[in-house]
Amino acid sequence: IADRTIASLAYLLPLFDGLRYSKFLLLQLPQLGLLLAPLAPAYQMYAGAGFFGNLILFFGLYFGIAKNNSLSNLVRFNAAQAIVLDIVLILPDVLLQGFGGVGSAMGDAGVQVQIIFFNTVFLATYLSCVYGVGSSLITGKTKATELPFIADAARMQAGVFEDDD
């Protein structure tokens with residue numbers, strides 16, 4: 001059970017980083033906020049740690065868990081998936097930086113595009129994290145469930161291969 005809990009907690013990193021994209025969706029579906037409410041104290045600590053605190057957490061997760069061969073493959077693989085998912089969240093940031101002024105220049109259509117973009121990024125992150133946590137806690141398998149598009153990169157980072165037990 002400890003392995004499954006540690007594997008599940010790793011998904012908090014990308015979920016917390018993806019929360020910045022939830023603002024429009026939470027306005028449209030306030031009920032979703034109720035699902036996230038139990039995480040508020042942990043998120044406040046994460047947000048209060050600042051950039052360097054979050055960077056230390058990221059590298060701690062990477063070197064302390066994903067690259068730690070003394071831990072089970074389940075834990076290492078899930079931590080690596082969470083790390084890769086967190087890295088993938090850099091792409092929306094780059095897009096926002098590159099096209100930041102475009103939405104406002106397009107008027108209402110630009111705002112709608114921004115809302116769809118934010119909602120899509122948040123939902124993809126949220127559902128990936130829920131899927132990762134659910135597969136870690138509920139299935140009880142020793143082999144982790146793979147996130148589409150993320151698993152191969154995570155497998156390489158954690159040094160876990162398909163034929164490993």
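In the predicted model, helix 5 (residues 40–48) packs against helix 6 (residues 50–66) at an angle of about 110°, the axes lying 7 Å apart; axes are lines fitted to C-alpha atoms over the stretch in contact, and angles run from 0 to 180 degrees between N-to-C directions. Helices are DSSP runs (H or I, at least four residues) numbered from the N terminus. Helix 5 and helix 6 are therefore roughly perpendicular (65 to 115 degrees). Tyr46, Ala47 and Gly48 of helix 5 meet Gly50, Asn54 and Leu57 of helix 6, contact meaning heavy atoms within 4.5 Å. Three of these contact residues are nonpolar, three polar and none charged.

The axes of helix 6 and helix 7 (residues 73–88) come within 9 Å and cross at roughly 155°. This pair is therefore roughly antiparallel (over 145 degrees). On the helix 6 side, the contact comprises Phe58, Leu61, Tyr62, Ile65 and Ala66, and on the helix 7 side Val75, Arg76, Ala79, Ala80, Ile83, Asp86 and Ile87. By class, ten are nonpolar, none polar and two charged.

The largest nonpolar core contains 35 residues, with Leu61, Ala66, Ile83, Phe122 and Tyr126 having the most contacts inside it. Such a core joins buried Ala, Val, Leu, Ile, Met, Phe, Trp, Tyr and Cys residues through side-chain atoms within 4.5 Å, buried meaning under 20% relative accessible area (1.4 Å probe, protein chains only). Helix 7 gives the largest share of this core, seven residues.

Residues are numbered from 1 along each chain as its sequence is written. Local features need pLDDT of at least 70, side-chain atom pairs count only at pLDDT 80 or more, totals for chains, interfaces and linings use all residues, and side-chain values use heavy atoms, with hydrogens and water left out.

Note on methods
Helix = DSSP H or I, 4+ residues; strand = E, 2+ residues; numbered from the N terminus. Parallel < 35°, antiparallel > 145°, perpendicular 65-115°, else oblique. Nonpolar A, V, L, I, M, F, W, Y, C, P; charged D, E, K, R; others polar. Buried < 20%, exposed > 50% of the residue type's maximum accessible area, 1.4 Å probe, protein only.
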